[in-house]
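Hi,

Here is the structure I promised to pass along. Have a look at it first, and my notes follow below.

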Amino acid sequence: MHQLMVQAATESANPLAPNWWEVLVTAVGFAILLFIAVKYVVPAFEKTFAARAEAIEGGIAKAEKAQAEASAALEEYKQQLVDARTEANRIREEARAEGAQILAELKERAAAEAARLTEQAHVQIEAERQHALVSLRSEVGSMATTLAGRIVGEALDDDARASRVVDRFLADLEAQNAGAAK
Amino acid sequence: MTPLTLPAADNSGTFTPPGLESLHLPAILPWGADEGFNKQMLLVLLSVVFIAWFFIAASRKQQLVPGKLQFLGEQLYGFVRNGIGKDVIGGRDFMKFVPLLFALFFFILLNNIYGAIPFFQLPTMSHVGGAYFLAGLVYVIWIGVGLRRFGLRYLKLAVVPSGVPWYIMPIVVPIEIISNFIVRPMTHSLRLFATMLAGHLVVALAGSGIAFLVEQENVVLKGLSVFVLVFAVAMYMLEALIMVLQAYVFTLLTAIYIQGAVGADAH
């Protein structure tokens with residue numbers, strides 16, 4: 001006991017003089033703690049921090065990607081809509097032009113047809129008129145000859161003579177007609 | 001055996017204030033004449049167990065959304081990592097030193113706080129050996145960091161400040177040598193040691209003063225013990241604050257010294 005008191009007294013004489021055993025124990029204790037910190041504690045916390053940062057940044061990146069995709073899709077739809085409108089306009093224009101063309105063609109064709117029919121009718125009328133003229137001429141000739149024969153009392157059966165008389169008569173008639181027409 | 005109670009109240013009627021011997025209880029497991037496994041050593045080893053146990057428990061089940069224990073551990077760890085390491089050392093280099101700063105802060109913190117916890121009741125850093133060791137370790141580390149980064153040029157960088165006129169150099173350089181390489185480790189260790197020692201003595205003094213006054217016959221003196229009690233509680237609170245503050249200061253200075261070595265060419 002006396003010895004211990006002396007020790008306490010001597011140690012308290014200079015508080016700045018270290019007890020080397022205490023230094024050693026502190027060194028060992030701190031070394032163990034530092035080892036645990038390096039080996040376990042710091043890596044564990046850093047890993048969590050990194051994972052958390054990644055989770056947050058990953059979420060933000062994902063949201064940004066979705067946003068970008070959505071606006072790209074919207075842009076695409078708008079573009080498609082514009083394209084569709086242009087297409088529709090183009091088709092309408094084409095249809096209109098085509099319709100007009102068909103109409104014109106039909107008109108033209110109808111006009112041609114009408115012209116052709118008219119022409120045909122003219123030709124036919126002309127032919128019939130000629131035919132009527134010829135038959136009329138022969139009938140009128142024979143009737144006139146017969147009539148003249150009866151009146152004159154002279155046989156006009158001599159065909160050659162009769163035909164000459166008729167022709168001359170008709171030529172006179174035509175000349176008169178032509179003169180009247182003029 | 002040696003009296004474990006404070007030796008204030010002997011029956012002679014005079015007050016004997018507690019001295020430095022109140023910091024040195026007899027060894028728990030003595031060996032040799034004046035050596036032994038003492039309370040300081042036991043507390044140091046216990047602190048390692050406590051800190052390791054707490055942080056390993058807090059970091060074992062790591063989850064993105066932390067539980068209460070993990071959250072507390074992250075806050076404490078993040079305080080040293082960001083509040084000291086990142087803010088002071090900064091940039092790319094600080095992560096290398098975070099384990100050291102972390103271990104230093106919580107080691108000193110718990111060893112100081114012992115002084116405020118009944119039964120433990122001894123800030124282990126009030127024994128100068130622990131403070132010497134930690135300051136010496138930091139001293140070796142920051143010089144090592146500087147030498148490794150800049151080679152022998154570091155010694156010039158550390159003592160020759162830039163932008164000082166040449167004619168002041170003969171004054172500035174010796175001052176820098178003394179302040180950086182001689183005084184710095186001394187102040188670093190003694191600041192911690194002295195605040196812990198003084199704080200412990202003040203609280204012990206107040207305690208023994210109360211014990212002495214209560215046992216007096218005189219009613220006025222007896223009554224004064226209440227006044228001393230109030231004072232003692234206030235001092236105890238102040239001490240608790242200083243214990244935390246000194247752990248912070250020691251770690252912060254460590255970070256500043258390391259930063260000075262890492263960025264020696266920047267000033």
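**How the two chains meet**

The contact between the chains draws on 37 residues of chain A and 38 residues of chain B; two residues are in contact if their C-beta atoms, placed from the backbone, lie within 7 Å. On the side of chain A that touches chain B, helix H1 (2-13) and helix H2 (20-152) each supply at least two residues, and H2(A) gives the most, with 24 residues. Helices (H or I, at least four residues) and strands (E, at least two) are DSSP runs, numbered from the N terminus. By class, this side of chain A has 26 nonpolar, seven polar and four charged residues. Here Ala, Val, Leu, Ile, Met, Phe, Trp, Tyr, Cys and Pro count as nonpolar, Asp, Glu, Lys and Arg as charged, and the others, Gly among them, as polar.

**Before you rely on it**

This is a predicted model: local features need pLDDT of at least 70, side-chain atom pairs count only at pLDDT 80 or more, and totals for chains, interfaces and linings use all residues. Residues are numbered from 1 along each chain as its sequence is written, while chains are lettered from A and ligands numbered from 1 in the order in which they are written.

Chain A has a mean pLDDT (the predictor's confidence in each residue, from 0 to 100) of 84, and 88% of its residues reach 70 or more.

**Inside chain B**

Chain B has seven helices and two strands, running β-β-α-α-α-α-α-α-α from the N terminus. Of its 267 residues, 35% are buried (20 or more other C-beta atoms within 10 Å of a residue's own, the C-beta atoms being placed from the backbone).

B:Phe94 lies in helix H3 (residues 94-113). Why does B:Phe94 count as buried? Because B:Phe94 has 21 C-beta neighbours inside 10 Å. Leaving aside residues up to four places away in sequence, B:Phe94 touches B:Gly85, B:Lys86 and B:Ile89.

H3(B) also packs with helix H1 (residues 39-60) of chain B. In that contact, B:Leu43, B:Val44, B:Ser47, B:Phe50 and B:Ile51 of H1(B) meet B:Phe106, B:Phe107, B:Leu110 and B:Asn111 of H3(B). By class, seven of these residues are nonpolar, two are polar and none is charged.

Best wishes

Terms used
A residue is buried if 20 or more other C-beta atoms lie within 10 Å of its own, exposed if 12 or fewer, and partly exposed in between; C-beta atoms are placed from the backbone. Axes are lines fitted to C-alpha atoms, for helices over the stretch in contact, and angles run from 0 to 180 degrees between N-to-C directions.
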